[in-house]
Amino acid sequence: TAVAEVPTQRSFVLIKPDAVRRGLVGAVLSRFEAKGLSVVALSMRQVTEELADEHYAEHLDRPFYPPLRRFITSGPSVALVLEGDEAIEVVRSLNGATDGRKAAPGTIRGDLSLSNRENLVHGSDSPESAAREIALWFPELG
Ligand code: RTP
Ligand code: MG
């Protein structure tokens, strides 16, 4: 029987304004690179309210969205596209659970965040989300 191929994927990652403010861009990026993921694109961005609303379209009606939008537009972020075997799931496992207080030690959020909002990093949650987010943030990669 044939063994399923491991898919090479691209994931969209955002190193959020709290990480930039805290001087943790290098520490966060190092974890992804040390894992073996490749940087395909990298750009510092000041997220506008319009971009925030597109990026977080699925959360627009949530009660936590207004403070999330204030946070994500509060200073520059670093946008990345990372590539590697099963990159989407690998990035999310490196990121850890959403709430930094509950995220496992050894993960980026578990080691470096104490917040359910200011949790340092975003990673695409599915191949469909990755395609949508990469097209939104890096249309030149399309
Ligand atoms: P992300 O999208 O940033 O990778 O994080 P995630 O999948 O782990 O979490 P998600 O549910 O997509 O939430 C997006 C971001 O919104 C903030 N958040 N605040 N209850 C709250 O106050 C709350 N819940 C989520 C976090 O910044 C989260 O990463
Ligand atoms: Mg999410």
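## Confidence in the model

The mean pLDDT of this protein is 97, with 100% of its residues reaching 70 or more. Keep in mind as you browse that this is a predicted model. For the complex, the predictor gives an ipTM of 0.94 and a pTM of 0.96.

## Overall fold

Let's start with the big picture. The protein has seven helices and four strands, and from the N terminus on they follow the order β-α-α-β-α-α-β-α-α-β-α. Its radius of gyration is 15 Å, close to the 14 Å that the globule rule gives for 142 residues, so the protein is as compact as a globular protein of that length.

Along the principal axes, the C-alpha atoms fill a box of roughly 50 × 35 × 25 Å. Of the 142 residues, 31% count as buried. Among contacts with a separation of 6 or more, 70% join residues 24 or more positions apart.

## The annotated domain

UniProt, in an unreviewed entry, places the feature "domain: Nucleoside diphosphate kinase-like" at residues 8-142. Over that stretch the chain is 41% helix and 21% strand, and its end C-alpha atoms lie 17 Å apart.

## A closer look at helix 2

Helix 2 spans residues 25-35, and Val-28, Leu-29 and Phe-32 are buried in it. These three sit on the same side of helix 2 because they cover an arc of only 95° around the axis. The face turned away from that buried side carries the exposed residues Gly-26, Ser-30, Glu-33 and Ala-34.

What do the buried residues of helix 2 pack against? Their partners are strand 1 (8-15), helix 1 (17-21), strand 3 (77-85), helix 5 (87-95), helix 6 (108-112) and strand 4 (121-123). Just after helix 2 comes Gly-36, with a positive phi of about 115°.

Definitions and conventions: Residues are numbered from 1 along each chain as its sequence is written. Chains are lettered from A and ligands numbered from 1 in the order in which they are written. This is a predicted model: local features need pLDDT of at least 70, side-chain atom pairs count only at pLDDT 80 or more; totals for chains, interfaces and linings use all residues. A residue is buried if 20 or more other C-beta atoms lie within 10 Å of its own, exposed if 12 or fewer, and partly exposed in between; C-beta atoms are placed from the backbone. Helices (H or I, at least four residues) and strands (E, at least two) are DSSP runs, numbered from the N terminus. The arc is that of the directions from the helix axis to the C-beta atoms. Two residues are in contact if their C-beta atoms, placed from the backbone, lie within 7 Å. UniProt positions are given in the numbering used here, feature names are shortened, and annotations may be inferred rather than shown by experiment. pLDDT is the predictor's confidence in each residue, from 0 to 100. The radius of gyration is taken over C-alpha atoms; the globule rule is 2.2 Å times the number of residues to the power 0.38.
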